[in-house]
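Visitor: I'd like to learn how to read a structure like this one. Could you take me through it feature by feature?

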Amino acid sequence: MKVLILILVLQVFVLQEIQAQYISSGDNLQQKTITAIQNLAQILREVEDTLASTRNPSPAPGPGDGSELDVQERAGNLTEVLKELVEAVQNNTLSLNEANHKADDREEEEEMCEPPFSKHGSECFYVNKYRQVSWSEARKFCQSLQADLAQPRSVKKLRAMLLDKFPEDTYRFFWLGASEVSTDGNWMWLSKSPLSTREWARGQPNGGNENCVVLSRDEYPALHDSPCYNHATFICQKAMGIKEREEREVNPM
């Protein structure tokens with residue numbers, strides 16, 4: 001009987017921890033687990049009462065009043081009930097685990113990028129290296145994919161991705177979603193966030209009729225200004241990966 005009590009106490013502590021861990025799971029399963037724990041606690045009290053009656057037997061024991069035979073019978077009944085409850089709690093715990101894993105799978109699926117976009121960090125990019133077009137044509141193409149020209153959080157990491165995925169690519173420049181919005185050298189991303197001067201390649205921007213931004217895979221810092229009518233390959237970014245530019249580091253790495 002002492003072994004049963006120890007098992008019961010351990011089950012209660014374990015199940016209470018599981019309940020706290022999966023508090024966000026389904027309400028129905030959660031309520032079943034709570035009920036099972038309460039029932040286990042009630043059985044524990046009954047076992048303690050039974051042991052107390054065996055330690056302090058009455059002078060003339062009889063059926064149902066704490067006799068050895070009655071204690072054994074009650075202990076047997078409690079043992080069976082305990083086994084059933086433990087099994088029920090274990091089944092509900094498995095269900096809670098499954099519900100939690102399904103929630104994780106749904107969250108992971110939501111973070112996946114739809115083809116032809118691929119995930120890089122927490123952003124979705126599509127590198128079109130087969131078609132060279134003007135900046136405006138590149139943007140229209142991205143918009144046809146319900147995306148826009150890329151506005152990466154880190155230009156350095158985007159360039160590293162290009163070098164990693166396309167190490168032998170012959171195309172050097174890629175349009176990005178940034179341009180000069182005024183004649184006084186005010187460069188901005190499409191989100192209206194200013195372009196950091198630290199991201200310009202040496203000697204850039206060099207002025208003239210070069211009002212759009214390309215990323216150079218051959219150097220870092222990697223940004224160049226270029227005439228918007230020039231033809232270049234380009235990078236699109238899915239809307240789910242385009243966040244407010246206030247999240248961009250003021251001084252990118």
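Visitor: What kind of model am I looking at, and how are residues numbered?
Guide: It's a predicted model, where local features need pLDDT of at least 70 and side-chain atom pairs count only at pLDDT 80 or more, while totals for chains, interfaces and linings use all residues. Residues are numbered from 1 along each chain as its sequence is written, and side-chain values use heavy atoms, with hydrogens and water left out.

Visitor: How many helices and strands does the protein chain have?
Guide: The protein chain has five helices and eight strands. Reading from the N terminus, the order is α-α-α-β-β-α-β-α-β-β-β-β-β. Of its 253 residues, 40% count as buried.

Visitor: On to charges. How many salt bridges are there?
Guide: Side chains of opposite charge can pair when their charged atoms come close. The rule used here asks for a side-chain nitrogen of Lys or Arg within 4 Å of a carboxyl oxygen of Asp or Glu. By this rule there are four salt bridges. One of them joins R139 and D148, with the closest N and O atoms 3.0 Å apart. R139 is partly exposed at 25% relative accessibility, whereas D148 is buried at 12%.

Visitor: Which residues does R172 join in a network?
Guide: Take the partners in turn. R172 forms a salt bridge with D218, and their closest N and O atoms are 3.2 Å apart. R172 lies in the loop between α5 and β4, and D218 in the loop between β6 and β7, so this pair ties together parts that are 46 residues apart in sequence. The side chain of E219 also meets that of R172 in a salt bridge (3.4 Å, N to O). Shared partners then join R172, D218 and E219 into one network.

Visitor: How do I read the aromatic pairs?
Guide: A pair of aromatic rings is described by the distance of the centres and the angle of the planes. Rings of Phe, Tyr and Trp (its six-membered ring) pair if their centres lie within 6.5 Å; planes under 30 degrees apart count as stacked, over 60 as edge-to-face and the rest as tilted. The structure holds four such pairs. The rings of Y126 and F141 have centres 6.4 Å apart and planes at 25 degrees, so they are stacked. Y126 sits in strand β2 and F141 in helix α4, 15 residues apart. F141 and F234 form an edge-to-face pair, at 5.4 Å centre to centre and 65 degrees between the planes. F141 is in helix α4 and F234 in strand β8, so that pair ties together parts 93 residues apart in sequence. Ring pairs link F117, Y126, F141 and F234 into a cluster.

Visitor: Last one: how many disulfides does the structure hold?
Guide: A disulfide is a pair of cysteine sulfur atoms within 2.5 Å, and the structure holds three. C113 is joined to C124, S to S 1.8 Å. C142 and C236 have their sulfur atoms 1.9 Å apart; the torsion about their S-S bond is about -80 degrees, so this disulfide is left-handed. C142 lies in helix α4 and C236 in strand β8, so the pair ties together parts that are 94 residues apart in sequence. The disulfide of C212 and C228 has an S-S torsion of about 95 degrees, so it is right-handed. With the bonded cysteines numbered in sequence order, the pairing reads 1-2, 3-6, 4-5.

Technical notes. Helices (H or I, at least four residues) and strands (E, at least two) are DSSP runs, numbered from the N terminus. Buried means under 20% relative accessible area, exposed over 50%, partly exposed in between (1.4 Å probe, protein chains only).
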